[in-house]
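Here are some notes to read alongside the model. Please keep the structure open and find each residue as it comes up.

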Amino acid sequence: MAQLFFKYGAMNSGKSIDILKVAHNYEEQGKPVVLMTSGVDTRSGQGVIASRIGLSRKVQPIMEDTDVYEYVKNIDHKVYCVLIDESQFLQKRHVLQLIKIVDELNIPVMAFGLKNDFRNELFEGSKYLLIYADKIEEMKTICWFCPHKATMNLRIHDGKPVYDGEQIQIGGNESYYPVCRNHYFHPQLEEQEENK
């Protein structure tokens, strides 16, 4: 029986490399997958899954008006798994479409994304994946400033922490650090600059 999986983690927890690895493992066995990512994420170009270690792959973008269920349903060959990157940017209706893929087409769906934004608010996609997913798994990484587990994303602008603003601002290590709770509230940015 197919299931909906949500794998979440802070920035730099290896979500994109993991999704590319899962796709490779299926395809190496001759089992086609559907790879998609949010069209909102344009960091490496729209419709591209790119890991920080340099691997990337062109995939189908999920735009605001995309019906993911209809897209998968109309593929003319057997699909063994649907893999979604940057799933935090999905809308509620997209998550409900993922449920239909699992429940009506009997195809497993694995969604990878952030849980919370830089203000520690849930993204819409993450909120509904946390509600509806059959299995939820945290992908772990370490704090930018210490050896503790990172559970939050600290937005940086001009060397200063940012706690207010638009929820979505696409960026990488120049804009965000994965941090523990302590360093979210007390980042050691001055020390970071001195060590460069």
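1. **Ile-131 and a surface patch.** Ile-131 sits in helix H4, residues 124–132. Helices (H or I, at least four residues) and strands (E, at least two) are DSSP runs, numbered from the N terminus. Together with Leu-96 and Tyr-132, Ile-131 makes a nonpolar surface patch of about 260 Å². Patch residues have over 30% relative accessible area and no salt bridge; like charges are joined within 9 Å, and nonpolar side chains (Val, Leu, Ile, Met, Phe, Trp, Tyr) within 5 Å. Areas come from the Shrake-Rupley method with a 1.4 Å probe, and for residues only the protein chains shown count as cover.

2. **How to read the model.** This is a predicted model: local features need pLDDT of at least 70, side-chain atom pairs count only at pLDDT 80 or more, and totals for chains, interfaces and linings use all residues. Residues are numbered from 1 along each chain as its sequence is written, and side-chain values use heavy atoms, with hydrogens and water left out.

3. Gly-125, Ser-126, Tyr-128 and Leu-129 are the buried residues of H4. Buried means under 20% relative accessible area, exposed means over 50%, and partly exposed lies in between (1.4 Å probe, protein chains only). Their cover includes E1, H3 and E7.

4. **Ser-87.** Is Ser-87 buried or exposed? Ser-87 is buried, because its relative accessibility is 0%. The residue lies in the loop between E6 and H3. Beyond neighbours within four places in sequence, Ser-87 has contacts (heavy atoms within 4.5 Å) that include Phe-6, Phe-112, Gly-125, Ser-126 and Leu-129.

5. **Ser-56, for contrast.** Ser-56 lies in strand E4, residues 56–58. Ser-56 counts as exposed because its relative accessible area is 52%.

6. **Helix H1.** H1 (residues 15–28) has 14 residues and spans 20 Å from first C-alpha to last, close to the expected 20 Å at 1.5 Å a residue. That expected span is 1.5 Å times one less than the number of residues. Buried residues of H1 include Ile-19, Leu-20, Val-22 and Ala-23. Just after H1, Gly-30 takes a positive phi of about 75°.

7. **The cores.** A nonpolar core is a set of buried Ala, Val, Leu, Ile, Met, Phe, Trp, Tyr and Cys residues joined through side-chain atoms within 4.5 Å. The largest has 25 residues; Leu-4, Val-82, Ile-84, Leu-98, Ile-101 and Val-109 touch the most other members. H3 gives the most to this core, with five residues. Apart from it lies another core of 13 residues, including Leu-20, Val-33, Leu-35 and Cys-81.

8. **Salt bridges.** How many salt bridges does a search of the whole structure find? The search finds six. A salt bridge is a side-chain nitrogen of Lys or Arg within 4 Å of a carboxyl oxygen of Asp or Glu. Lys-21 pairs with Asp-18 at 3.0 Å, N to O. Both lie in H1, three residues apart, about one turn of the helix. Lys-21 is partly exposed at 46%, whereas Asp-18 is buried at 12%. Arg-57 and Glu-27 form another salt bridge, at 2.7 Å, N to O. This pair links distant parts of the chain: Arg-57 is in E4 and Glu-27 in H1, 30 residues apart.
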